[in-house]
Amino acid sequence: MKKSDYPSARSYNMSRIRGKNSKPEEIVRSYLFKRGFRYRKNYKELPGSPDIYLPKYKTAIFVNGCFWHVHDCGKFNMPKTNQEFWKAKFERNIARDERNIEALKEMGINVIVIWECGLGSEVREETLEDLVEMIKSNDDDQRLREFFLSCDWG
């Protein structure tokens, strides 16, 4: 479809957003692959179809967009129009994420959530190095590890 076929600019922009194989996911996967990690993409056998699953380490990685998963880093802004729809949508997303993470933890799988803001060019290398360290460390006390480096988005 062409841009002119959409009823609004927002509708067109939303149609361009991919659910899988996003740029942040590709950054993480490429980094892990270059360091010798082998994984499954969007592994449907597990709750939430983790973006990356490392069977050897029993670790699921979700690469979350700050907007869609409501990250409090400054990149998230509630849309000004149709706020009831968006509020309900975001609440469903958050509840679904929590259910999936809990189900994975109950299965004995480590869960790592990487936020999109942690993959910005100024902090990417540090985030990815920390990710590798978290995967390799088998610290059972830390079942859910969440990346969100202090973002200074103003």
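A nonpolar core is a set of buried Ala, Val, Leu, Ile, Met, Phe, Trp, Tyr and Cys residues joined through side-chain atoms within 4.5 Å. In this predicted model, the largest such core has 17 residues. Those with the most contacts inside it are Val-28, Leu-32, Ile-61, Leu-131 and Ile-135. Two or more residues of this core come from each of helix 2 (23-34), strand 2 (52-54), strand 3 (59-64), strand 4 (110-115) and helix 4 (124-136). The most come from helix 4, which gives five residues.

Val-28 shows how these parts meet. Its neighbours within four places in sequence left aside, Val-28 is in contact with Ile-52, Val-63, Ile-114, Leu-119, Leu-128 and Leu-131.

The elements can now be placed along the chain. There are four helices and five strands, and from the N terminus on they run α-α-β-β-β-α-β-α-β. The chain has 154 residues, of which 38% count as buried. Among contacts between residues at least 6 apart in sequence, 57% join residues at least 24 apart.

Two packed helices are described by the angle between their axes and the distance between the axes. Here the axes of helix 2 and helix 4 come within 11 Å and cross at roughly 60°. That angle makes helix 2 oblique to helix 4. The crossing in which helix 2 passes helix 4 is right-handed. On the helix 2 side, the residues that meet helix 4 are Ile-27, Val-28, Tyr-31 and Leu-32. On the helix 4 side they are Arg-124, Glu-125, Leu-128, Glu-129, Leu-131, Val-132 and Ile-135. Val-28, Leu-32, Leu-131 and Ile-135 were named above for their contacts inside the largest core.

The cysteines remain. A search of the whole structure finds zero disulfides. Cys-73 is buried, with a relative accessible area of 9%. Cys-117 is buried as well, with a relative accessible area of 1%. Both values count as buried because the cut-off is under 20% relative accessible area.

Terms used. Residues are numbered from 1 along each chain as its sequence is written. This is a predicted model: local features need pLDDT of at least 70, side-chain atom pairs count only at pLDDT 80 or more; totals for chains, interfaces and linings use all residues. Side-chain values use heavy atoms; hydrogens and water are left out. Buried means under 20% relative accessible area, exposed over 50%, partly exposed in between (1.4 Å probe, protein chains only). Contact means heavy atoms within 4.5 Å. A disulfide is a pair of cysteine sulfur atoms within 2.5 Å. Axes are lines fitted to C-alpha atoms, for helices over the stretch in contact, and angles run from 0 to 180 degrees between N-to-C directions. Angles under 35 degrees count as roughly parallel, over 145 as roughly antiparallel, 65 to 115 as roughly perpendicular and the rest as oblique. A crossing is left-handed if the near helix is turned anticlockwise from the far one by less than a right angle, and right-handed if clockwise.
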